[in-house]
Amino acid sequence: MPTYEMPLLLKIMTRPEIAATLKRTAEAIFDKGGFIRKIDNLGKMATPYKMPVLNQTHKEANYFIIHFDVPPTSLKRLSEECLRDVDIIRLRIYTKNESKIDKCTLHEEIQPPAYRPDVKKMIEIGEKEKARKEKKKFKFNTGLDYYPFQR
């Protein structure tokens, strides 16, 4: 199952009401066959603009990010179910990009620049570019010793 991020904007409520809303959202994820990896609380902040939801205008919200895994087939149902909750102002679901682990290349980087593989590739690219530009060099085929259009 792929990992997803769901940023949530909850309306301003007391702490027990916020916990109940998060619990309902978590149960929705569990019902769809997923599991939660982490919940981040970003705190209470002003919204970027006035957000009208259910005849109410919200200028502040409680921000949360839920990191979870769920089958891709149940994402739409999960999103629809969470949007029906009256305490949620806004939510989106994004796929979480897994960070790619780079292998250590210290032994290559310690070498002098002329022996490094990446520098050799750059030199080859430069030589190819230089050869390509030399092929397209303009030749004067007028038979004159000078360029007649230059002042």
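Predicted model: local features only at pLDDT ≥ 70, side-chain atom pairs only at ≥ 80, totals over all residues.
**Notebook: helix 1 and its surroundings**

I started with helix 1, residues 15-31: its 17 residues reach 24 Å from the first C-alpha to the last, close to the 24 Å expected at 1.5 Å a residue.

Next I looked up which residues of helix 1 are buried. I got Ile18, Thr21, Leu22, Thr25, Ala26, Ala28 and Ile29. They sit on the same side of helix 1, because they cover an arc of only 155 degrees around the axis.

What do the buried residues of helix 1 pack against? My list has strand 1 (3-10), strand 2 (35-53), strand 3 (56-69), strand 4 (88-91) and helix 2 (75-83).

Then I checked what comes just after helix 1, and there Gly33 has a positive phi of about 90 degrees.

I also went looking for nonpolar surface. Met1, Phe30 and Phe35 make a nonpolar patch of about 320 Å². Phe35 belongs to strand 2, and its relative accessible area of 38% makes Phe35 partly exposed.

Last, I took the whole-protein view. I count four helices and five strands, in the order β-α-β-β-α-β-β-α-α along the sequence. Of the 151 residues, 26% are buried. For contacts between residues at least 6 apart in sequence, I noted that 71% join residues at least 24 apart. The accessible surface is about 12,000 Å², with 54% of that belonging to carbon and sulfur atoms.

Note on methods:
Residues numbered from 1 in each chain as written. Heavy atoms only, no water. Helix = DSSP H or I, 4+ residues; strand = E, 2+ residues; numbered from the N terminus. Expected span 1.5 Å × (residues − 1). Buried < 20%, exposed > 50% of the residue type's maximum accessible area, 1.4 Å probe, protein only. Arc of directions from axis to C-beta. Contact = heavy atoms within 4.5 Å. Patch = residues over 30% accessible without salt bridge, like charges linked within 9 Å, V, L, I, M, F, W, Y side chains within 5 Å. Areas by Shrake-Rupley, 256 points an atom, 1.4 Å probe, with all protein chains shown as cover. Salt bridge = Lys/Arg side-chain N within 4 Å of Asp/Glu carboxyl O.
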